[in-house]
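Have it open while you read, and go through the points in order.

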Amino acid sequence: MSSDLPRRVVTAVIAVSILIPALVWSPFGLWTFGVVVSLISLREFYRGFGIGPTRYYVTGIAVGALLWGVVGLDIWLAPEVQLPQAMYLLPAILFLPALEIVALFYPDEKQPAVSLGILALGIIYCYLPLYLFVDLGIPDVVSEYDFWLPFGILFLTWTLDVMSYFIGGAIGRHWLYPRISPKKTWEGAIGGAVSCFIGGMIFQYFLQPAAYSWVVISLLIGFFSQIGDLVESMFKRSIQIKDLGNILPGHGGMLDRFDGLLLSSVFIYLYFQAMEIGKFLMDKVSF
């Protein structure tokens, strides 16, 4: 086992003791989680790829903050006032034109296309999945806030990570993807996924939600969270660094801790949308 284990445990305990009360408290607790994780992840991503404190960097972070500001305003005003969808679309639409203008008047930039691509990828990678994760907790913006859903997703993700770590360290013998992540094993990946699935069944039994299945969610997390971990490892390999940050002692940076959530939340969101579409079609057929 890693010598960082005591630090990892202490950091995890402190983080969970802050995060869980915040999620239970109100939708703004969930919103704050999204803001903090996405903006710090965005900063780590940009700095890792060499986009330091320049006009590009400032523009990318500002766009991420603006997008979260719109989400926060929507939460604050609802349910009395619903913001028009254009409020979400305008910052996203203006993002690339703003960066192109910055590039045009940035004479020291030698590869503007590369920098623009990194900045755009950072927003897509670090902002969009966390926005979808926050939206899952407040599907009708505040009026039906459900802290159990984001909490359950995080709990199952932590279960996957913890059990993969311990099972892989104890019995792991066959490397999962050594070119990208030399420490991960098939034994750890399968053991973590099975543990996550068992956690989903426990949630399903005790919570018994009518609108969605914890078992399906656990399967999505068990697969896509591990793919998300490999994606982040691929990024780190491409720039030859071990961790993208060090804000979480024993864990690395925000991206190192929440890389799995960045991918699994997208597919969980798609699962919920598929449920809505299926319900709509069934209503139409039965009508």
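The points below cover the ground rules, the charged pairs, the aromatic rings and the first helix.

1. Ground rules first. This is a predicted model, with local features needing pLDDT of at least 70 and side-chain atom pairs counting only at pLDDT 80 or more, while totals for chains, interfaces and linings use all residues. Residues are numbered from 1 along each chain as its sequence is written, and side-chain values use heavy atoms, with hydrogens and water left out.

2. On salt bridges (a side-chain nitrogen of Lys or Arg within 4 Å of a carboxyl oxygen of Asp or Glu), the count comes to 4. One of them joins D229 to K184, with the closest N and O atoms 3.4 Å apart. That pair links distant parts of the chain: D229 sits in helix α9 (residues 214-239) and K184 in strand β2 (residues 181-185), 45 residues apart. Helices (H or I, at least four residues) and strands (E, at least two) are DSSP runs, numbered from the N terminus.

3. How do the two partners differ in exposure? D229 is buried, at a relative accessible area of 18%, whereas K184 is partly exposed, at 27%. For the cut-offs, buried means under 20% relative accessible area, exposed over 50%, and partly exposed in between (1.4 Å probe, protein chains only).

4. Now look at K236. Its salt bridge with E232 has the closest N and O atoms 3.6 Å apart; both residues lie in helix α9, 4 residues apart, or about one turn of the helix. K236 also forms a salt bridge with D256, where the closest N and O atoms are 3.0 Å apart. This second pair links distant parts of the chain, from K236 in helix α9 to D256 in helix α10 (residues 254-286), 20 residues apart.

5. Put together, E232, K236 and D256 are linked in a network of salt bridges. K236 is buried, with a relative accessible area of 12%. E232 counts as buried at 1%, and D256 counts as buried at 11%.

6. D259 is found in helix α10. Leaving aside neighbours within four places in sequence, D259 is in contact (heavy atoms within 4.5 Å) with Y125, G228, D229 and E232.

7. On to the rings: the structure holds 23 aromatic pairs. Among them, F45 and F49 form a tilted pair, 4.8 Å centre to centre with 40° between the planes. Rings of Phe, Tyr and Trp (its six-membered ring) pair if their centres lie within 6.5 Å; planes under 30 degrees apart count as stacked, over 60 as edge-to-face and the rest as tilted. F45 counts as buried at 1% relative accessibility, but F49 is partly exposed, at 24%.

8. There is also one aromatic cluster, formed by F147, W148, F151, F155, F203, Y212, W214, Y271 and F272.

9. Last, helix α1 (residues 5-25). At 1.5 Å a residue, its 21 residues should span 30 Å, and the end C-alpha atoms are 30 Å apart, which agrees. The expected span is 1.5 Å times one less than the number of residues. The buried residues of α1 are T11, L19 and L23, and they pack against α2 (27-48) and α7 (148-171).
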